[in-house]
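Visitor: I would like to learn how to read a structure feature by feature, with the general idea before each case. Could we go through one together?

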Amino acid sequence: MENRPADKQVEHIVKQAQAGDQSAFAELYEMYYDPIYRYVSFKCGNRIEAEDLSGEVFLKMIESIHTFKFRGFPFTSWLYRIAHNVVVDNFRRKGRRPTVPLDDAINAASDAHSDLERLAEVSLTMREVVSAMDNLTDLQREVVTLRFAAGLSIAETAKAVGRKENAVKALQHAGIRKLRDILTPPNCIRPAAATESKL
């Protein structure tokens, strides 16, 4: 997982951006474009569409950053909420859910691919994983996407979805367990779920 800037550093940059400092906007873009793009591409499954939607996320950030206030929630949770809404609005406009094939998303979310493959303890394509995620609850799917596609920590994911860390751990555990049950071949004897205890 990439190194993240300290909260105080982010707060300083955000306040500069709120004051109209163009270089601060550019810095926020540089800091957050890659994880936002991975998050969006994992959800929509199309590289060109993900690039367009990621750009839209940052346009909305610029338009509404003056409304953001540091009140116990980090800037990232606000930014991922924008990204979530942009993706949902896009699907609503097109009247569809994410589609396969997801070859572009596989390349964009290679870290997520390896993590989910390891957690599922079976060799899978990202297409199968994302298809299987349709069987999760909305909140489980959001937690798994934030954790493994966007690369957020438990604490960051908790703040992004407005839940306590223990609740996020439980949602992740339940989501991964359901994915494992769906994706493990019937004739495959699964080893003890040791990985879950490490999460």
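Predicted model: local features only at pLDDT ≥ 70, side-chain atom pairs only at ≥ 80, totals over all residues.

Visitor: What is the overall make-up of the protein chain in helices and strands?

Guide: The protein chain has 11 helices and 0 strands. Of its 199 residues, 46% count as buried, and among the contacts with a separation of 6 or more, 64% are accounted for by residues 24 or more positions apart. The accessible surface of the protein chain comes to about 10400 Å², with 51% of that belonging to carbon and sulfur atoms.

Visitor: Which residues of α1 are buried?

Guide: The general idea comes first: an α-helix has 3.6 residues a turn, so residues three or four places apart point the same way. In α1 the buried residues are V10, E11, I13, V14 and A17. Seen down the axis of α1, these buried residues fall within an arc of 170°, so they line one face of the helix. Their cover includes α2 (22-44) and α4 (75-94).

Visitor: How does the span of α1 compare with what its 12 residues should give?

Guide: Helix α1 (residues 7-18) should span 16 Å at 1.5 Å a residue, and its end C-alpha atoms are 16 Å apart, which agrees.

Visitor: How should I read aromatic pairs, and how many are counted here?

Guide: A pair of aromatic rings is described by the distance of the centres and the angle of the planes. The count here comes to 10 aromatic pairs. One of them is formed by Y39 and Y80, which are edge-to-face, at 5.4 Å centre to centre and with 75° between the planes. Because Y39 lies in helix α2 and Y80 in helix α4, this pair ties together parts that are 41 residues apart in sequence. Y39 is buried, with a relative accessible area of 0%, and Y80 is buried too, at 4%. In another case, F68 and F75 have ring centres 5.4 Å apart and planes at 85°, so this pair is edge-to-face.

Visitor: Are F68 and F75 buried or exposed, and which aromatic cluster includes them?

Guide: Both F68 and F75 are buried, and together with Y32, F70 and W78 they form one aromatic cluster. Leaving aside residues up to four places away in sequence, F75 touches V10, V14, L28, Y32, M61, I65 and F68.

Visitor: How many residues are in the largest nonpolar core, and which have the most contacts inside it?

Guide: The largest nonpolar core has 41 residues, and those with the most contacts inside it are L28, Y32, I36, V40, M61, I65 and F75. At least two residues of this core are supplied by each of α1, α2, α3 (47-64), α4, α8 (138-148), α9 and α10, and its largest share, 11 residues, comes from α2. There is also a second, separate core of 12 residues, which includes M133, L136, V144 and L183.

Visitor: To finish with a loop, where does G162 lie, and how far in space is G162 from F73?

Guide: G162 lies in the loop between α9 (154-161) and α10 (165-183), and is partly exposed, with a relative accessible area of 44%. Sequence separation and spatial distance are read side by side here: G162 and F73 are 89 residues apart in sequence, and 8.7 Å apart in space, C-alpha to C-alpha.

Key. Residues numbered from 1 in each chain as written. Heavy atoms only, no water. Helix = DSSP H or I, 4+ residues; strand = E, 2+ residues; numbered from the N terminus. Expected span 1.5 Å × (residues − 1). Buried < 20%, exposed > 50% of the residue type's maximum accessible area, 1.4 Å probe, protein only. Arc of directions from axis to C-beta. Contact = heavy atoms within 4.5 Å. Phe/Tyr/Trp six-rings, centres within 6.5 Å; stacked < 30°, edge-to-face > 60°. Core = buried A, V, L, I, M, F, W, Y, C linked by side-chain atoms within 4.5 Å. Areas by Shrake-Rupley, 256 points an atom, 1.4 Å probe, with all protein chains shown as cover.
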